[in-house]
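Please look at the sequence and the structure before reading the points below.

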Amino acid sequence: MSNNLERFSYDNKIVKQFAFATALWALVGMLAGLLVSLQLVFPSLNFDLPQTTFGRTRPLHTNAVIFAFVGNGIFMGVYYSLQRLCKARMWSDKLSAIHFWGWQGIIVAAAVTLLSGFTTGKEYAELEWPIDIAITLVWVVFGLNMFMTILQRRERHLYVAIWFYIATWVTVAMLHIVNSFEMPVSLFKSYSWYAGVQDALVQWWYGHNAVAFFLTTPYLGLMYYFIPKAANRPVYSYRLSIIHFWALIFLYIWAGPHHLLYTSLPDWAQSLGTVFSVMLIAPSWGGMINGLLTLRGAWDRVREDVVLKFMVVAVTAYGMATFEGPMLSLKNVSAIAHYTDWIVAHVHVGALGWNGFLTFGVLYWLIPRMWRTNLYSKKLANWHFWIGTLGIILYAVPMYWAGWRHNEMLTQFTEDGRLQYQFLDMVNGMQGFYALRSLGGLLYVIGVVFMIVNIRKTIKQGNFLANEEAEAPALAKNYAIHGSEHWHRWIERRPVQMLVLSLVAVLIGGVIEMVPTFLIKSNIPTIASVKPYTPLELEGRDIYVREGCYTCHSQMIRPFRAETERYGEYSKAGEFIYDHPFQWGSKRTGPDLAREGAGNNKKGNAWHYNHMADPTSMSPSSIMPRYPWLHTDTIDIDLIPAKIRAMQKLGVPYSEGYDQIAVADLQKQAQIIYDDLKSQESQLLLGENGLQPNQEIIALIAYLQKLGRDLEVAPVANNQSSTK
Amino acid sequence: MKFINYLESITGVSVYPLISLLIFTSIFLLVCIYTFKQSKQTMEELKNIPLN
């Protein structure tokens, strides 16, 4: 090793920018969450405007918290720790700046488009294709900068935190690209490349691993750097960290199907998801134990140091969430918790506890150091800690209770074998829990405001060090290995090989799960009576996706008596083959809609018309928002031929040249629904322009009436006794 | 839909899970062997990187 010390400086400016961004977006994302939660208590807070209605504000909340708050938190921590662990400045200040401003631009574009109703309708991947491309480009910029920094490092060994960063980068790139395959129709409209069961499998392979590789692995990297720094002692066991890393990234990628237990996904894929989810508990808890035991012999300092307090609760929340996750992946537990607020509680223990508190701990540690001063008020930070902790408890406990009650009420039967409760009875029983949850959220947001004030005051009294001087010897070009060495040490010095191996590790699970489901398309049993959507139904489905109906309504009936009694025959894989994207949903704030147009669930056109204008007119005490704009806005028929052509390219069997006559077909079907509504006009809650055949509500009604209808006519189609 | 329906249609499919299990188990074992064979001194050196 050379003895010549090289002088260089760490770039603190980019860390500062990401730190400010994470604090700002924390506030925005959490305020959006507060609004969303209050909308369930006070439906008038939907304001009868499309941009402020739950189906659009909820994706805004989830995207803002995940990609804006946590995303900027990741970059803040990575840019600070990577430079120090590599003993090198970021390779390019320009790329750092492009990354920062590019990411903020994407966030703003996401907020505007989501509220405007431009969405792919796939949870946590709602952004439309131009933004998906922008994300890919910015992610490449981040990766290039990171890898070049690693390649020009002055520390030979790659510390375990960097492995987590590398695995994060490569896996998120893979997930984002695979899940975002879509067929553009216009600048802000596309259809998922996959359909039905396959779309669901890819989506939850992505969705689960977004949790794994966006909310977990980068934060584990931060944990392995910042807890030792804050506690001023090395990590408890480096051996454990190596096993933790490989076991975690190997196992995580398989676990996605646990989001689809008891759905139409093939049984074997469900079982794989369950097995690997249960196995995940080992590396997850290995990581948690490693984080907590780093503080062995220093627990007295946790009482004094607010940074450590935040970090200890964060790691504990990680432990709780990663114990609960495998439990929820058991089919018998999933049967209770899925579609209920239990999942919402689970997610928020992770988001508020693990991601939130770790970010706050890092901020409280970083800001005084970069501004060369002490924290303005330890007392205020302690208040933040306690009010935040109370907020998490007040959030989670009512939601666990609500989830349990949801399941209990909806599975109760009377002595004569009938369902005891209407869906609405359950909804009305939730109001108190929802209100308490909002209070918990409010406390948590107040804590964040305390933090922002504290940071601002700290900054005011300090002096920012934009370029932190450092010196280290350059790496010797020819590294001499002393004696024998193990193969893993070889990898630990080679970032590119580490990237390739990480990619192989995460590819295996995805390939094994997806290849059989995709290749054997014919084995998803097709149902002869399931027909492609008519142009009007397709348009109605696009409106359904646009308004985010999937955020409250599932379209997937599980094979339980309580569900088949309530909603009808359980869902089959073959029913969804034309669904680009699938709309199975993940939460039932409202009832399942898979058979909304069939059997006992079927309602008249006028019922739907009035229900969408004012849900309480048909279901008193409903908390569903009103959708008055559907009764005035008109269907955009210009795009219909392009939509049909896009569907044809995706394999939907419309006849050759159908795009040319689709509009006429659409108008013909709209006229039938219009005539039916017209005959009952006196009972309708008419919009400003009265009833017109080209209004969006007509298309939505056509779609809702289609749901489940194909299966209902199956016996008729089979025996050819009718040509109706 | 049962697993068998999917499996029957893929030529040589039985080798898929075997390969994956083999890769997973072997890497996991190698990592374990490696970590436990490391000297205490090396581990101390590595875990102190953030503090140096």
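The structure is a predicted model, with an ipTM of 0.75 and a pTM of 0.92.

**Confidence in chain B**

- The mean pLDDT of chain B is 77, and 69% of its residues score at least 70.
- Among the elements of chain B, the lowest mean pLDDT, 57, belongs to helix α1 (residues 3–8) of chain B.
- The highest mean among these elements, 89, belongs to helix α3 (residues 40–47) of chain B.
- Where pLDDT is low, the predicted coordinates should not be read in detail.

**Helix α13 of chain A**

- Helix α13 of chain A covers residues 341–370, which is 30 residues.
- From first C-alpha to last, α13(A) reaches 41 Å, close to the 44 Å expected at 1.5 Å a residue.
- At A:Gly356, α13(A) bends by about 30°.
- Because 25 of its 30 residues are buried, α13(A) is largely enclosed by the rest of the structure.
- A:Arg372, which follows α13(A), has a positive phi, near 50°.

**Strands β2 and β3 of chain A**

- Strand β2 (residues 182–186) of chain A pairs with strand β3 (residues 189–192) of chain A in the antiparallel sense, and the pairing has four bridges.
- A:Glu182 has A:Ser192 in β3(A) as its bridge partner.

Notes. Residues numbered from 1 in each chain as written. Chains lettered and ligands numbered in written order. Predicted model: local features only at pLDDT ≥ 70, side-chain atom pairs only at ≥ 80, totals over all residues. pLDDT = per-residue confidence, 0-100. Helix = DSSP H or I, 4+ residues; strand = E, 2+ residues; numbered from the N terminus. Expected span 1.5 Å × (residues − 1). Bend = angle between axes of the 7 residues up to and from the residue. Buried ≥ 20, exposed ≤ 12 C-beta atoms within 10 Å, placed from the backbone. Pairing = 2+ DSSP bridges.
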